Amino acid sequence: MSPKYRPHPDPAGILAGNRQRALEREGIPMYLALEDLTGSPVPPVGDAAVLAEGAELDGLLGHYAERLAPGAADDDLAELASVITVLARAHFDEKEDRA
Amino acid sequence: MTGNGFAQHRAALREGRYVRVVNYHNTPESMADALRHELAGYAASFDSVTLEHLDAFYATGRWPLERPGFIPVFYEGYLNNATVAAPICDELGLVAWFPIITRFLDCPVPEQRAFAEAHDITLVEEELSRDRLAMTWDDVAEIGQRHVVVPHTGSHEEIGRVRTAEDVEREIVRPRRDVERATGREAPAFVWLRGTEYGTSPVQDGWVRDTGYRYQISNTMIQRIA
């Protein structure tokens, strides 16, 4: 599977831009994970398009995390949220890649 | 602990367990055209997610949608969410989620600005001179017919400051009761100030779960808790 989403060349610029936004009046795009804590896990997702996009986003999140939060602990949720905002700002609506 | 973090989030993406959201706060009239344009762009690409869609995904691993799911979320219970954001969403056929600070709505109009300033509720400059800043319970009843309304605590409270039975009633229990009374529908989710996730504190987690909430919405996740 070839990557459809190209990493943004300036994630630090996106992060800086996000921090300058007027968040009290602007929308903040995010990708929220869907977790189950009830002991009844979500059945495996079978939609190939969702899985393909998710794999791309997984790789991109890792790519941006390496560049923007290289020393962050895995459970640093503040850093995670910051990196997700960069991922979302760069890739939230990649219409040209949607079949 | 639930092991929340980068690895877990990456796994959720990889496994297709994710949803797009856009978090909004104030939506003043001065921003209406920009908001309409932005939401129209999302509506052109995505299908908005209802509670029934979310329940279906958790039950089956499939979204009953034709396009990727998307949730516009309007936080706090601002009057401008009711007068500007909700009508725009209606116009565009979008279902939005409204986490509201219930005591902000209860607050007498002359005291709403002081309440906002005391409870970390950001106001926009152009609305400081207005009397009413919070939506009314009639607004909640109206919005709740087409959208999802959930409590964002009673007072915009931090998890660590909810300790006593009185705190629990004020911040977790009564908000759910009030939202459900206004909308006539389930208030299925709870959101702490700062989007604290479930798994941070077993005591408060238990209170949220025991109140009947089925989901907790955090900064990085939607967690099904019951």
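**Chain A, overall**

I began with the secondary structure of chain A, which comes to three helices and one strand. Here helices (H or I, at least four residues) and strands (E, at least two) are DSSP runs, numbered from the N terminus. Along the sequence I read the pattern α-β-α-α.

Two notes on the source. This is a predicted model, where local features need pLDDT of at least 70 and side-chain atom pairs count only at pLDDT 80 or more, while totals for chains, interfaces and linings use all residues. Residues are numbered from 1 along each chain as its sequence is written, chains are lettered from A and ligands numbered from 1 in the order in which they are written, and side-chain values use heavy atoms, with hydrogens and water left out.

I looked up the extent of chain A: its C-alpha trace spans about 40 × 35 × 30 Å along the principal axes. Of its 99 residues, 44% count as buried. Buried means under 20% relative accessible area, exposed over 50%, and partly exposed in between (1.4 Å probe, protein chains only). I then checked contacts, meaning heavy atoms within 4.5 Å. Among the contacts in chain A with a separation of 6 or more, residues 24 or more positions apart account for 79%.

**Helix α3(A)**

I tested the length of α3(A), residues 77-91. The expected span is 1.5 Å times one less than the number of residues. For 15 residues that should be 21 Å, and the end C-alpha atoms are 20 Å apart, which agrees.

At the start of the helix I found a side-chain oxygen of Asp76(A) within 3.2 Å of the backbone nitrogen of Ala78(A).

α3(A) is mostly covered, with eleven of its 15 residues buried. Leu80(A), Ile84(A), Leu87(A) and His91(A) are among them. In chain A, the buried residues pack against α1 (11-20), β1 (28-36) and α2 (48-68). In chain B, they pack against α1 (6-14) and β1 (18-24).

I took the crossing with α1(A) next. The axes of α1(A) and α3(A) come within 9 Å and cross at roughly 105 degrees. That makes the two helices roughly perpendicular. Axes are lines fitted to C-alpha atoms, for helices over the stretch in contact, and angles run from 0 to 180 degrees between N-to-C directions. Angles under 35 degrees count as roughly parallel, over 145 as roughly antiparallel, 65 to 115 as roughly perpendicular and the rest as oblique.

On the α1(A) side I listed Pro11(A), Ile14(A), Leu15(A), Asn18(A) and Arg19(A), which meet Ser82(A), Thr85(A), Val86(A), Arg89(A) and Ala90(A) in α3(A). The residues of this contact divide into five nonpolar, three polar and two charged. Ala, Val, Leu, Ile, Met, Phe, Trp, Tyr, Cys and Pro count as nonpolar, Asp, Glu, Lys and Arg as charged, and the others, Gly among them, as polar.

**Between the chains**

I compared α2(A) with α1(B). Their axes come within 7 Å and cross at roughly 155 degrees. The two are therefore roughly antiparallel. The α2(A) side includes Leu51(A), Gly54(A), Asp58(A) and Ala65(A), and α1(B) brings Phe6(B), His9(B), Arg10(B), Leu13(B) and Arg14(B). I noted seven nonpolar, four polar and three charged residues in this contact.

Then Arg17(B), in the loop between α1 and β1 of chain B. It counts as buried, at 12% relative accessibility. I looked for polar contacts, that is, pairs of N or O atoms within 3.5 Å; within protein, one must be able to donate a hydrogen and the other to accept it, and residues adjacent in sequence count only if both atoms are side-chain atoms. The Arg17(B) side chain reaches the backbone oxygen of Leu34(A) at 2.9 Å. It also makes a polar contact with the side chain of Glu35(A) (3.4 Å).

Pro43(A) sits in the loop between β1 and α2 of chain A. At 24% relative accessibility it counts as partly exposed. Leaving aside neighbours within four places in sequence, I found Pro43(A) in contact with Tyr58(B), Ala59(B), Thr60(B) and Gly61(B).

**Ser155(B)**

My last entry is Ser155(B), in the loop between β5 (148-151) and α8 (165-183) of chain B. It is buried, with a relative accessible area of 1%. Its side chain makes a polar contact with the side chain of Arg103(B) (2.6 Å). Another polar contact of 2.6 Å joins the side chains of Ser155(B) and Glu171(B). Ile101(B) is 54 residues apart from Ser155(B) along the chain, yet I read a C-alpha separation of 5.8 Å.
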